[in-house]
Amino acid sequence: MENEDSQSGNAPNSAHKDRLNHRVLKSGESFGNYRVVRCLCAGLIANYYHMQHVRDLHDVTVGVFHPRSLNDERFPKRLEVLRKSLQGCKHEGIPRILEIARINDRDCIFLEAVKGRSLSQYFAKHGDPGKSGLGTEASSHILAQLLGILGYAHSMKLDHRDLDSDLIFIQEDETLTVLGVGIKATVDVELFESIVSASVSPLVSSKTPGRLSSFDVMSPEYRSGVAEDRRVDIYGAAVVGYWLLTGQKAQPGHFTPPGRLIEGLAGSWNNYFERSLVLNREDRYPSCKLALLGLKKTEHEPESERAGLIQRQIDRIPVPKSILARGNVASRVYRLSVIGVVGLTLAALMASFLQVTYTNDVEYVRHVAVMAEAGRPANLRVLVRPSVAKIEFLRFGDSFIANNGQLDLRVQTGHYTVRVSAPHHLDSTVELTIANHELTEVEVDLKPAWTDFQIISEPGASISVVDERGLEIELGVANQDGVFFLKKGIFAGTYQIIVRKKGFQEKVLDNQQVSFGEVTELQIPLVALPASLTVQTNPSGARVLINEKDLGLSPLTIEEVDPSEHYLVAVYLDGYRPLAKRIEVAAGQDMLVSFESLVPLSGELELSYSFSGVLDDEIKSLSQDVRVELDGFQYRPDSDALRQVPQGKHKIRLQHPLYASDLLEFSIKDRERKAIALSLTPKPAYIALDIPGDLNAGVRLNGTEVEIVNGQVSVPANQPVEFELQIPNHLTMVRRFEMEPTEQIDWKVEPVPIPGPTAGQSWTMPYFGLKFSWVTAGTFLMGSPMREPGRLPNEGPQGSVTFTRGFWMGTYEVTQSQYRGLMEQNPSEFGTGQHPVDSVSWKDAQYFCSLLTKFEADANRLPEGYVYRLPTEAEWEYAARAGTTGAFSFGDEADSSMGAFRGVYPPDSVRTSGADGYGTHKVGSFAPNNWGLYDVHGNVKEWTLDVYNGRLEGRDQVDPRPREEDGGRITVRGGSWEDFAVRVRSAARDSVREDLNSNSIGFRVVLAPDITE
């Protein structure tokens, strides 16, 4: 590699410097305020350690990053973004970042404590790396969990991209924890390539079968300089799974199928690894969820424990929303080619790591000066106080540590500026000129950096500091004003400051800079430790209020109470007098507040009562059986319980075998005398109904609807009542009763069905109120004669029509209330209930008729062979004429006083017309025809069953069927409110589209023979 920082052939390059600094910390070694317990793993980007705090010994996992991360000013910011992303992580296999810090000039992250053994250690114990693996069960168990963790991370928009077997830990319960999730994404391309260059290692090595390095799992696209995505992790997980299953490392592009290495292995394992380890990532599993599905196929018993584990991992992975791509392709290709040439191992790199400190002997970079040694005598001797100091040749980068107060150097001739520094002392700069090889002595006496120190805190608080060596020094105690001042009593430097006081929470401030030459003033308020407060009452269950805040029921313990002199503890229990105490709570105190027996609250009832409808001479005998029911408990009227009624709300009523009072709610206060008067009324009698079958019944008493409860109806006693029993589709039954209190009568009901219509008689349909007039069988001449004024060609030719059976036709056009009652809607534009329904399509009208037919058929009221339907065109004209032959059913002249239409007839008539109204009239507003049918002329046009034809049949017909030819237009008859008299004649015909919803069109229903067959 290029030697960018060297000035001579002996100077090591910058990569070598980093390798010297990025060493593995030893067990027991101090690191800030922590002590290293053991190294968990040494990674390419960061080393991870199990550490303990030097004081409270709490465990933590610390990731120490490669020193080159210090060259990237934005690296800590990216770590902070990652920490926030991991805060929402709910997967136990991904430890969250607790803190980000810079310790000993190293970027660090503090994680949740990671336990267990690394995958390398686990494999070494349970397998035989290089020879055989863990078997299908264990390998699948680990691989499924690994894919589950990675899949979950992908759903959080995180990935790993730097897997190795030392970053995967197996817990005692066989679950996995993976270190380093999201870390690689925080390292930009230049920094990562710099780290890779400094940590050179072969791309693939089979010499260490007991572990997988970052280079062993490196994906083919990364080696080829192609931008990465999450399929890098799928490839890496497959490399781990192959290693666990076979004990061997997969070689990119030409790995041996595991079926050739393991006898009897299911072929589905070969399929899984061929799909996962394929060089072209487009052919690889696109997600961890699909990879888990592929892994699931390796199990022949789907209901096994292993299949269940794989399915659980699949279910935990949400579908990711995006795939992130990173990297500078050209830079990676260049760096990876360098790595392949150099070929040093990462383990060798870690062994060469050394740390620069003031107290250790270190190998230093040499540019103009070297340590004197045999054969090369010193020409510069530096004598220093204190005994350990650092000597730096400014502008040359050479630095040395003087131990025991002396340093002998061999320095090239020239003029130098040398800086001498030591902890807790002021730096000193010396100008030197080295002209020859004669010994030059320089004596430097550094001045101690004593400074003033002041802390303002709680009175009596003790002040301590911990220096950079981890040594805690007690400085003193704050005075009565809470001020602690130290005059020239502390070295300038960086300290951890600790303030303590009994009853208060200890306050620790890290990395506090104490500067030389100025007073360091800090205000460190302490937070009082919470006290505990227990409140007890007798009886328990009282509400406890502290400073008027309701905190719960007694007995009550409050674990965290702020110390205060102003606490008012009050207790409230329904039925008892409230009590309160004022107390003072000291910091850290456990205090008991006990209230002795609470005093009940009560008042006295003065009760009087009377019997309704009972003679005075009967009251005395009835009173012997009176009982008072108070809050569900019964007492005699002279009971002491009525003289000690608890304060509050109560319910009271009187009970008697034959009489009872209404339930009365009342409130009574402490020591109150409450007068209550109650009236006893007879208890109801009962009528037990025995109704056959599953018929539903309704009951009305004196015109008011009442409920049937368990087959019985409650009836007021001692008074006459009218009992009306209603059963759908049956005649209403009415009986009258006058019964004694609690008397019961059994009524065996024999329902009588409502009879259907009778030929020759009018008919009113039950429940819906549709009235029908009987239209007798007969013959009429359909159409209009040629001489009839206003006649149109579509009204002829005339022909004889005979009906062999009579039928019922709606006395009125269907009203809006009738339509709403059945269809639960009203599309009409004009009027309300008794106006004809308008804006109804032909199909809606037919559906209305079909519902009537079904209702009456279910009630067995339909005459045989009859249905409710629209009239045919012939039926309509026959019924409308009602035996007449003129232009109208009422004659040959008309004006708007005879129907809801406009103008007069004949058009040239001298008759005068009344005012033309806009919209429909209530049905029946005008005189009916001879058969009792209303509004056959005007109001609304009425739908018929016939498809419109421009000409009538013009021949003799018997029981004609409706026209059903295609055409899409339906015949309407009778005219409407918007038509002139000439268009509402008995023979007038019109056609409209079947889907038309017009405010001038309604319909009339007939109960007539079924002509659908």
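## Cysteines

Is cysteine 41 buried or exposed? Cysteine 41 is buried, at a relative accessible area of 4%; buried means under 20% relative accessible area, exposed over 50%, and partly exposed in between, with a 1.4 Å probe and protein chains only. Cysteine 849 counts as buried too, its relative accessibility being 3%.

There are 0 disulfides in the structure, a disulfide being a pair of cysteine sulfur atoms within 2.5 Å. For cysteine 41, the nearest cysteine sulfur belongs to cysteine 39 and lies 6.4 Å away.

## About the model

This is a predicted model, in which local features need pLDDT of at least 70 and side-chain atom pairs count only at pLDDT 80 or more, while totals for chains, interfaces and linings use all residues. Residues are numbered from 1 along each chain as its sequence is written, and side-chain values use heavy atoms, leaving out hydrogens and water.

## Helices α8 and α10

Helices here are DSSP runs (H or I, at least four residues), numbered from the N terminus. Helix α8 (residues 231-246) packs against helix α10 (residues 267-276) at an angle of about 145°, and their axes are 9 Å apart. The axes are lines fitted to C-alpha atoms over the stretch in contact, and angles run from 0 to 180 degrees between N-to-C directions.

On the α8 side, Tyr235, Ala238, Gly241, Tyr242 and Leu245 meet Trp269, Phe273 and Ser276 of α10, where contact means heavy atoms within 4.5 Å.

## Helix α11

Within helix α11 (residues 288-296), the buried residues include Cys288, Ala291, Leu292, Gly294 and Leu295. They lie on the same side of α11 because they cover an arc of only 155° around the axis, taken from the directions from the helix axis to the C-beta atoms.

Definitions and conventions. Helices (H or I, at least four residues) and strands (E, at least two) are DSSP runs, numbered from the N terminus.
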